[in-house]
Amino acid sequence: MTAVPSRPREIAGYGLVLRPWDDGMVRQMARWGEHGFPYHAFDLGFLRERFRAEMTLRKMRETDPHHHFVACVDGRAVGRVSVNMRDPAGLYLWSVHVPPEYEGQGVCRRMIAALISWLEVEVPGVPFVLTTNTFAEHAHRAYAALGFSVMDTRWQFDQEIAREMWKRPEEAHRSLAGHVRFQNGRWEVRAYVMSRQPGAPMDVRVGAAVRESVRL
Ligand SMILES: CC(C)(COP(=O)(O)OP(=O)(O)OC[C@H]1O[C@@H](n2cnc3c(N)ncnc32)[C@H](O)[C@@H]1OP(=O)(O)O)[C@@H](O)C(=O)NCCC(=O)NCCS
């Protein structure tokens, strides 16, 4: 099995810096705005509870098989992303999350581009993989810009979504029409498996024109 490269102290690029989770980052992320349904699984308000924050930080400091990063601009936490270095399908990106207050400034594209650039050097020749619920269209635009395309579509059980489907089925069903189904006694969500070949072009629109539009 290929050795997992040790997690760097930081990865800089595309106007931001990826750093490992630490106490200060956790305190900042605990105060992030929340997306709510159907993206509630990403929300980090639970980090305001001391015990859960400590448990989460301990988990996020483990480095095999996952590396967990917080994207920062001038020391401010603006996004997060994790990568499973040992998934059989490839370098598996997950927990891609930018809170509402920092959306629309290319943080998602830029933090993933910075991570991919580092991974392509450290673990050359390995494809990138992720899964994404089919309703997450904002995320799909970012992934497509970074060279990802849909390889497969599947229905899967999603505990977080299922819980809400039972709590408020009509409202949830309306907003997720075509993306959820009730099958074999449980709620399933449609998901894309996306992949990207190493070296595929990434459009992050960095440069003078974009720098002017970046508000961070
Ligand atoms: C999906 C999510 C991560 C996107 O974050 P984001 O930082 O707003 O996404 P992007 O990097 O694509 O940037 C958004 C917009 O900024 C603009 N932009 C892109 N690059 C830019 C740059 N370098 N500078 C300024 N603006 C830029 C783009 O026009 C883009 O708009 P578009 O989505 O209409 O194409 C965020 O909405 C989120 O966390 N959602 C909830 C959780 C979720 O869905 N996670 C993904 C699950 S698979």
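Tutor: Start with Glu164, which sits in helix α5, residues 159–167. Helices here are DSSP runs of H or I with at least four residues, strands are runs of E with at least two, and both are numbered from the N terminus. Residue numbers start from 1 along each chain as its sequence is written. The model is predicted, so local features need pLDDT of at least 70 and side-chain atom pairs pLDDT 80 or more, while totals for chains, interfaces and linings use all residues.

Is Glu164 buried or exposed? Glu164 counts as buried because 21 C-beta neighbours lie inside 10 Å. (Buried needs 20 or more other C-beta atoms within 10 Å, exposed means 12 or fewer, and partly exposed is in between; C-beta atoms are placed from the backbone.) Leave aside residues up to four places away in sequence, and Glu164 touches Phe37 and Ala172. Touching means C-beta atoms within 7 Å. Now look at Arg80, 84 residues from Glu164 along the chain. The C-alpha atoms of Glu164 and Arg80 are 24 Å apart.

Follow the contact to Phe37. A cis peptide bond links Phe37 to Pro38, with omega about 0 degrees. Pro38 belongs to the loop between α1 (23–30) and α2. Helix α2 covers residues 50–61. Its end C-alpha atoms are 17 Å apart, which agrees with the 16 Å that twelve residues should span at 1.5 Å a residue. (The expected span is 1.5 Å times one less than the number of residues.) Helix α2 is hardly covered, with one buried residue among its twelve. Pro65 lies in the loop between α2 and β3 (66–73).

The loop from β3 to β4 (76–84) holds Asp74. Asp74 is not a glycine, and its phi is positive, near 50 degrees. Asp74 counts as exposed because it has 8 C-beta neighbours inside 10 Å. Ser95, in strand β5, also has a positive phi, near 55 degrees. Ser95 is partly exposed, with 14 other C-beta atoms within 10 Å.

Next, helix α3, residues 107–122. Its 16 residues reach 23 Å from first C-alpha to last, close to the expected 22 Å. Twelve of the 16 are buried, so α3 is largely enclosed by the rest of the structure. Among the buried ones are Cys108, Arg109, Arg110 and Trp118.

(A nonpolar core is a set of buried Ala, Val, Leu, Ile, Met, Phe, Trp, Tyr and Cys joined through C-beta atoms within 7 Å.) Nonpolar side chains tend to be buried together in soluble globular proteins. Setting aside residues up to four places away, Ile112 touches Val81, Leu93, Val96 and Leu146.

Finish at the ligand. Which of the 26 residues around the ligand come nearest? They are Glu103, Gly106, Cys108, Thr132 and Ala142. (A residue counts as near if its C-beta atom lies within 6 Å.) Helix α3 supplies at least two residues of this shell, and so do β5 (91–97), α4 (137–145) and α7 (208–213). Strand β6, residues 128–133, has five of its six residues buried, so it is largely enclosed by the rest of the structure.

Definitions and conventions: Two residues are in contact if their C-beta atoms, placed from the backbone, lie within 7 Å.
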